[in-house]
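Please look over the sequence and the 3D structure shown here before reading the report.

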Amino acid sequence: MKEKKFASLPPCLLASLPLSLFAYLCNMKPSTKYIHAGAHPDPSTGAIMTPIYQTSTYVQESPGVHKGFEYARSQNPTRQALEEALAVIEDGKYGLAFSSGVAATDAVIRLLQPGNEVIAGSDMYGGTYRLFSKIYQKFGIIFHYVDMTDIKNIEAKLNANTKLIWVETPTNPLMNIADIKAIARITNKYSILLCVDNTFASPALQNPLQLGADIVMHSATKYLSGHSDVIQGALIINDKQLRDELYFIQKSCGAVPGPMDCFLVLRGIKTLGIRMERHSQNGAKIAHYLKCHADVKKVYWPGFEDHPGHEIAKKQMRDFGGMISFELKKDSMEAARTLLSSTKLFSLAESLGGVESLINHPASMTHASIPREERIKNGLNDTLIRLSVGIEDADDLIEDLDQAISLAVKA
Ligand SMILES: *Cc1c(COP(=O)(O)O)cnc(C)c1O
């Protein structure tokens with residue numbers, strides 16, 4: 001019955017119609033949300049999957065009389081379906097999709113003005129650091145980079161010009177944990193915006209808006225899409241005014257994703273729940289395997305009881321995910337290089353969050369844009385290796401690492 005009612009409505013109402021369904025879904029358990037979020041039968045055909053509206057513009061009946069869609073930079077039905085899905089799965093009210101994760105980050109920084117100050121983590125995605133330090137610093141925005149595992153470091157940089165705190169947790173690649181709730185207490189008290197890059201955890205493991213964040217940012221390229229076949233970014237917001245400001249930036253600056261990419265992420269989201277379950281199971285097995293390995297010096301994974309952020313991670317995350325970093329006892333570039341080029345199932349590549357396992361060398365790949373001195377100071381060593389554990393069979397993955405580590409220690 002409900003479907004019939006939806007089907008009889010013109011597409012212009014598609015964006016506003018699902019309010020009742022939206023509210024209904026918001027009360028469902030996560031695994032139900034992943035399947036149904038943003039999905040409405042297509043009004044013209046009943047197609048169960050959101051069509052790829054591959055169009056740049058929409059025909060108007062007479063000037064200004066249209067179905068709610070004018071030009072595809074401003075509105076696209078496939079993107080709207082995805083944006084609704086993003087809101088549902090992140091427990092927010094509004095979603096906005098961007099052409100990449102850094103475009104989403106860029107939109108948040110465009111809320112600021114020269115003279116405004118930002119406090120960000122000293123250990124975070126290299127591209128975020130590059131955007132802040134190489135692009136926006138020259139526009140007069142001031143960035144402070146601190147170790148966010150201790151709230152006192154954040155408090156030390158607070159002043160009347162502080163407008164945004166940018167948190168990444170777990171961090172890329174050192175898997176440090178920041179206490180989102182504790183930081184939100186500060187940002188709420190002083191009316192500072194809190195944006196959390198939730199890429200590593202995904203909405204399945206962590207929901208920062210529930211913990212007091214104002215904006216959640218995702219590189220949808222990673223776990224949301226889940227299949228290493230798209231570049232995309234997302235913001236999720238609760239406050240209507242903040243959403244409108246970010247929407248204005250999205251349409252004015254134009255970093256919007258195409259409908260095909262939106263379709264792919266919508267499709268990826270359907271399996272997010274079960275993928276994250278397996279990523280986390282495999283991650284736990286591999287982290288323990290590495291920790292027990294005689295040739296491994298240190299493993300960075302928040303699931304270990306002796307990880308400094310373990311208690312906070314347990315409180316704010318549902319599981320610990322599939323991202324792991326580690327160092328060999330043999331601290332040589334030759335050994336690291338041999339390991340990185342000897343795995344058979346783990347492909348040597350940047351990026352993460354796909355169903356297939358990847359191995360990466362942050363110092364020369366994902367984090368090469370951070371000056372070496374800065375990197376080492378923050379604990380990111382030249383020989384650190386990062387794994388994005390996929391959803392293959394964990395024993396096969398362990399066997400692959402095992403043979404590569406034996407070759408590495410002989411190198
Ligand atoms: C990949 C990544 C980004 C950037 O996203 P793109 O989609 O590559 O633009 C931002 N933050 C984190 C944690 C990432 O891993």
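The report below turns to the ligand, then to one helix and then to the cysteines.

This is a predicted model, in which local features need pLDDT of at least 70 and side-chain atom pairs count only at pLDDT 80 or more, while totals for chains, interfaces and linings use all residues. Residues are numbered from 1 along each chain as its sequence is written, and side-chain values use heavy atoms, with hydrogens and water left out.

Around the ligand there are 14 residues, each with a heavy atom within 4 Å of the ligand, and those that come nearest are Val 102, Asp 197, Ser 219, Thr 221 and Lys 222.

| Ligand atom | Side chain | Distance |
|---|---|---|
| nitrogen | Asp 197 | 2.7 Å |
| oxygen | Ser 219 | 2.8 Å |
| oxygen | Lys 222 | 2.8 Å |

Of the 380 Å² of accessible area that the ligand has on its own, the protein covers 93%, by the Shrake-Rupley method with a 1.4 Å probe.

Helix α11, residues 272-292, has 21 residues and reaches 30 Å from its first C-alpha to its last, close to the 30 Å expected at 1.5 Å a residue, where the expected span is 1.5 Å times one less than the number of residues.

The whole structure has zero disulfides, a disulfide being a pair of cysteine sulfur atoms within 2.5 Å. The sulfur of Cys 26 is too far for a bond, because the closest cysteine sulfur, in Cys 262, is 20 Å away.

Key: Polar contact = N/O pair within 3.5 Å; in protein donor to acceptor, adjacent residues only side chain to side chain. Helix = DSSP H or I, 4+ residues; strand = E, 2+ residues; numbered from the N terminus.
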